[in-house]
Amino acid sequence: MSHAPVTDKRPSSLRGAQLPKWSPWGIAAGSVVLAVVIGLAGGLDSRVQWGLIAALLFVFGTYAIAARVEGRRQAKDRVATSLVWVCFLIAVIPLASLIWETAKRGIKVFDVYFLTHSMGVVADTEPGGGIYHAILGTLEQVGIATLIAVPVGVLTAIYLVEYGRGGLAKAVTFFVDVMTGIPSIVAGLFVLSFWILILDMGYSGFAGSLALAILMMPVVVRSTEEMLKLVPNELREASLALGVPKWRTIIKVVLPTSIGGIITGVMLAVARITGETAPVLLLVWGTGFINSNPFEDPQASLPLYIYQQYANSAGSGAAYDRAWAAALALIAFVMILNLAARGIARWKAPKTGR
């Protein structure tokens, strides 16, 4: 004769008291209110100070309440979580404020006319003009730098991961690490001394592209190297066991597997050099007219345009508005690149099935 199992429906005595799920939001709200009261009572006018006070109250309040209800061990875990959220907000709030300020100031003159006209004969202190010549220069300079840096960077990363052994590989790795931290002005001075002063090639968009390519190469090498290292060795061994040559294994197996991450790294490198001003100022020189030939005569670019409008404005509101609008266009360009990189990475990611 079988008996039905008896289930003990009493709550487990091993489980202690817990704070409700809404407790972090309640503690955060209370911290904000208390920070405002302290700020007003102490005569603190800056909202940044109020926010820092609220963050400290949130962390210490979380620990005090959790330690009293759940115990010190669980309180430490909640404090670690609250610190993560506080650091996240500290990082996001300035970024969001920067984007909001740029959009608010730049939207005044940001229209179709602004995007389709150059400065031409418009003086920096006069209203009107646009950034068409700067957009054209930026696209050409960044495009040429990408064509130079990406093949060299990807092939260097392939050498370091697939073939590099011994002193040469260590030397290449060392110089790549050094180039990663090189200031942009140093790259500009190097190209200026060699390309313009020694070879006497003159100021041009291509000279700026050479400096941008120098800045882009180590980023491409590092990102591609990390992506290639993530490819499982089993895939390489399986291909080689079938008698496929190593170079063909790299082309047909390794690169397709890591192509999504490689493209993302390339896009991030492009976004990094898009906002560089110092090399462009030294090598491209800048102009208010449209120059579609990057190999001859000075050329404009968005970072240089922003600098010139701000530096040569002489207090003119029109120049300030154009500078902010150009900065908004530059931010939009970088955002589009990052979104494109994410889309391509997801599209090219290896398909997984069950």
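Modeller: The account below concerns the salt bridges. The model is a predicted one, in which local features need pLDDT of at least 70 and side-chain atom pairs count only at pLDDT 80 or more, while totals for chains, interfaces and linings use all residues. Residues are numbered from 1 along each chain as its sequence is written, and side-chain values use heavy atoms, with hydrogens and water left out.

Side chains of opposite charge can pair when their charged atoms come close. The structure holds eight salt bridges, each being a side-chain nitrogen of Lys or Arg within 4 Å of a carboxyl oxygen of Asp or Glu.

One of them links Arg 222 to Glu 225, with the closest N and O atoms 2.3 Å apart. Both residues belong to helix α8 (residues 205–229), where their spacing of three residues is about one helical turn; helices are DSSP runs of H or I with at least four residues, numbered from the N terminus. Arg 222 is partly exposed at 22% relative accessible area, whereas Glu 225 is buried at 6%. Here buried means under 20% relative accessible area, exposed over 50%, and partly exposed in between (1.4 Å probe, protein chains only).

Another salt bridge joins Glu 276 and Arg 272, at 3.9 Å from N to O. Glu 276 is buried, with 15% relative accessible area, and Arg 272 is partly exposed, with 33%. Through shared partners, salt bridges also connect Asp 177, Arg 222, Glu 225 and Lys 229 in one network.

In helix α3 (residues 72–106), Glu 101 and Lys 104 lie three residues apart, about one turn, and their side chains form a salt bridge of 3.6 Å, N to O.

Methods:
Helix = DSSP H or I, 4+ residues; strand = E, 2+ residues; numbered from the N terminus.
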